[in-house]
Amino acid sequence: MLRYYHLDLLDWHRGELSSRRLTALVKHLPADSAVSREINGEVAEWSVTDYLLAAVVDHLAAANWMYVCVNSEDPPAQPEPVPRPQPPPDPVEGSGGSSAPGAPPPPTASTTPPGPAELARFFG
């Protein structure tokens, strides 16, 4: 609070800062604040640009790997994707309270890299 708004948290305790204003200020703290890092973990430190750069690196590595696979007799191992931060687990998600009974689970992204046939089909 002091770093971004130049307000002391004790002002709320002294009655100089209303609870409503304090809630609004905390809710709109920037992503690099300590509160955001505590709630969101390492994900708070990654911007959209960081995710896009990681995707570019992954695509370039896959393209180079495909080129080597096509032009050599001994294909190398698939490149590993750039590690991305994982969001902290949602405490509500574990209880099953967010989905209706009998509903299928939400789709999740596959963590396995595509095989040569899938890459050839996509880029071919």
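Student: In this predicted model, which backbone nitrogen lies 3.1 Å from a polar atom of the side chain of Ser-18?

Tutor: To find it, start from the place of Ser-18, which is in the loop between helix 2 (10-14) and helix 3 (19-27). A polar atom of the Ser-18 side chain lies 3.1 Å from a backbone nitrogen, and that nitrogen belongs to Arg-21.

Student: Is Ser-18 buried, partly exposed or exposed?

Tutor: The relative accessible area of Ser-18 is 41%. Buried means under 20% and exposed means over 50%, with partly exposed in between. Because 41% falls in that middle range, Ser-18 counts as partly exposed.

Student: What about Ser-36, is that residue buried or exposed?

Tutor: Ser-36 is found in helix 4, which covers residues 34-40, and not counting residues up to four places away in sequence, Ser-36 touches Pro-30, Ala-31, Gly-41 and Ala-44. The relative accessibility of Ser-36 is 13%, and the cut-off for buried is under 20%. Ser-36 therefore counts as buried.

Student: Which residues make the nonpolar surface patch of about 230 Å²?

Tutor: One of them, Val-35, lies in helix 4. A patch is made of residues with over 30% relative accessible area, and Val-35, at 36% relative accessibility, counts as partly exposed, so Val-35 passes that cut-off. The patch of about 230 Å² is made by Val-26, Val-35 and Ile-39.

Student: With which side chain does the side chain of Asp-58 make a polar contact?

Tutor: The place of Asp-58 is in helix 5, which runs over residues 48-71. Leaving aside its neighbours within four places in sequence, Asp-58 is in contact with Glu-80, Pro-81, Val-82 and Arg-84. The polar contact between side chains, at 2.7 Å, is the one that Asp-58 makes with Arg-84.

Student: How many helices and how many strands does the protein chain have?

Tutor: Read along the sequence, the protein chain follows the pattern α-α-α-α-α-α-α. Counting the elements gives zero strands, while the number of helices is seven.

Student: What share of the residues of the protein chain count as buried?

Tutor: The protein chain exposes about 10200 Å², and carbon and sulfur atoms supply 61% of that area. Burial is counted by residue instead, and of the 124 residues of the protein chain, the share that count as buried is 13%.

Student: Among contacts between residues at least 6 apart in sequence, what share join residues at least 24 apart?

Tutor: The count here takes in contacts in the protein chain between residues at least 6 apart in sequence. Among these, the share that join residues at least 24 apart is 51%.

Note on methods:
Residues are numbered from 1 along each chain as its sequence is written. This is a predicted model: local features need pLDDT of at least 70, side-chain atom pairs count only at pLDDT 80 or more; totals for chains, interfaces and linings use all residues. Side-chain values use heavy atoms; hydrogens and water are left out. Helices (H or I, at least four residues) and strands (E, at least two) are DSSP runs, numbered from the N terminus. Buried means under 20% relative accessible area, exposed over 50%, partly exposed in between (1.4 Å probe, protein chains only). A polar contact is a pair of N or O atoms within 3.5 Å; within protein, one must be able to donate a hydrogen and the other to accept it, and residues adjacent in sequence count only if both atoms are side-chain atoms. Contact means heavy atoms within 4.5 Å. Accessible areas come from the Shrake-Rupley method with a 1.4 Å probe; for residues, only the protein chains shown count as cover. Patches are made of residues with over 30% relative accessible area and no salt bridge: like charges are joined within 9 Å, nonpolar side chains (Val, Leu, Ile, Met, Phe, Trp, Tyr) within 5 Å. A salt bridge is a side-chain nitrogen of Lys or Arg within 4 Å of a carboxyl oxygen of Asp or Glu.
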